[in-house]
Amino acid sequence: MKGMPKWAADLMGDAIAYQVGQGRTVQVPKVVWRRARRKSSSGAAYPTKGVVHISVGSDRLDAKLTLLHELAHIWAPPPGWTHSPAFWDLAWELYRWAKLPIQYVKQREGSYRKGALVAYHKSMKKEEEGA
């Protein structure tokens with residue numbers, strides 16, 4: 001976690017503990033953290049190498065979303081590196097667990113991939129059912 005600010009390291013540690021608490025075995029990835037001169041953040045995950053790259057902008061909410069998005073790539077069942085339904089299910093679970101503003105996440109992820117919106121609606125149904 002070298003180079004990560006404390007809030008990001010704490011978020012990742014808490015996400016790992018949450019996953020373990022859900023009965024899942026998770027890989028602790030190496031995180032390469034870079035600053036970017038923009039508001040938004042971006043990232044890339046390499047599940048077979050256990051590495052996540054984050055270029056973090058000035059918006060902390062966006063950085064949190066990006067970190068959780070990339071962790072979902074590492075932790076989703078193969079092929080986790082793709083934006084598969086299993087990936088999106090896990091990503092939305094993490095966003096809700098972290099209490100990210102869902103409308104923001106929906107807007108941000110919805111502009112990125114249609115599959116994100118399918119998983120969003122699925123997660124809404126689960127929430128309404130109390131699961």
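Is Tyr-18 buried or exposed in this predicted model? With a relative accessible area of 19%, Tyr-18 is buried, a classification that rests on the limit of under 20% relative accessible area. Of the 131 residues of the protein, 44% count as buried.

The overall architecture comprises 5 helices and 3 strands, and the elements follow the order α-β-β-β-α-α-α-α from the N terminus on. The radius of gyration is 14 Å, close to the 14 Å given by the globule rule for 131 residues, so the protein is as compact as a globular protein of that length. The C-alpha trace spans about 40 × 30 × 25 Å along its principal axes. Among contacts between residues at least 6 apart in sequence, 48% join residues at least 24 apart.

The aromatic pairs come to 4 in number. One of them, formed by Tyr-18 and Trp-97, is stacked, with 5.3 Å centre to centre and 25° between the planes. Because Tyr-18 lies in helix H1 (residues 6-21) and Trp-97 in helix H3 (residues 85-97), this pair ties together parts that are 79 residues apart in sequence. Whereas Tyr-18 is buried, Trp-97 counts as partly exposed at 24% relative accessibility. Trp-92 and Tyr-95 form an edge-to-face pair, with 5.5 Å centre to centre and 80° between the planes; these two residues are 3 residues apart in helix H3 and are thus separated by about one helical turn. Trp-92 counts as buried at 1% relative accessibility, and Tyr-95 is likewise buried, with a relative accessible area of 0%.

The mean positions of its 21 positive and 11 negative charges are 8 Å apart.

Terms used:
Residues are numbered from 1 along each chain as its sequence is written. This is a predicted model: local features need pLDDT of at least 70, side-chain atom pairs count only at pLDDT 80 or more; totals for chains, interfaces and linings use all residues. Side-chain values use heavy atoms; hydrogens and water are left out. Rings of Phe, Tyr and Trp (its six-membered ring) pair if their centres lie within 6.5 Å; planes under 30 degrees apart count as stacked, over 60 as edge-to-face and the rest as tilted. Helices (H or I, at least four residues) and strands (E, at least two) are DSSP runs, numbered from the N terminus. Buried means under 20% relative accessible area, exposed over 50%, partly exposed in between (1.4 Å probe, protein chains only). The radius of gyration is taken over C-alpha atoms; the globule rule is 2.2 Å times the number of residues to the power 0.38. Contact means heavy atoms within 4.5 Å. Lys and Arg count as positive and Asp and Glu as negative; His and the chain ends are not counted. The place of a charge is taken as NZ of Lys, CZ of Arg, CG of Asp or CD of Glu.
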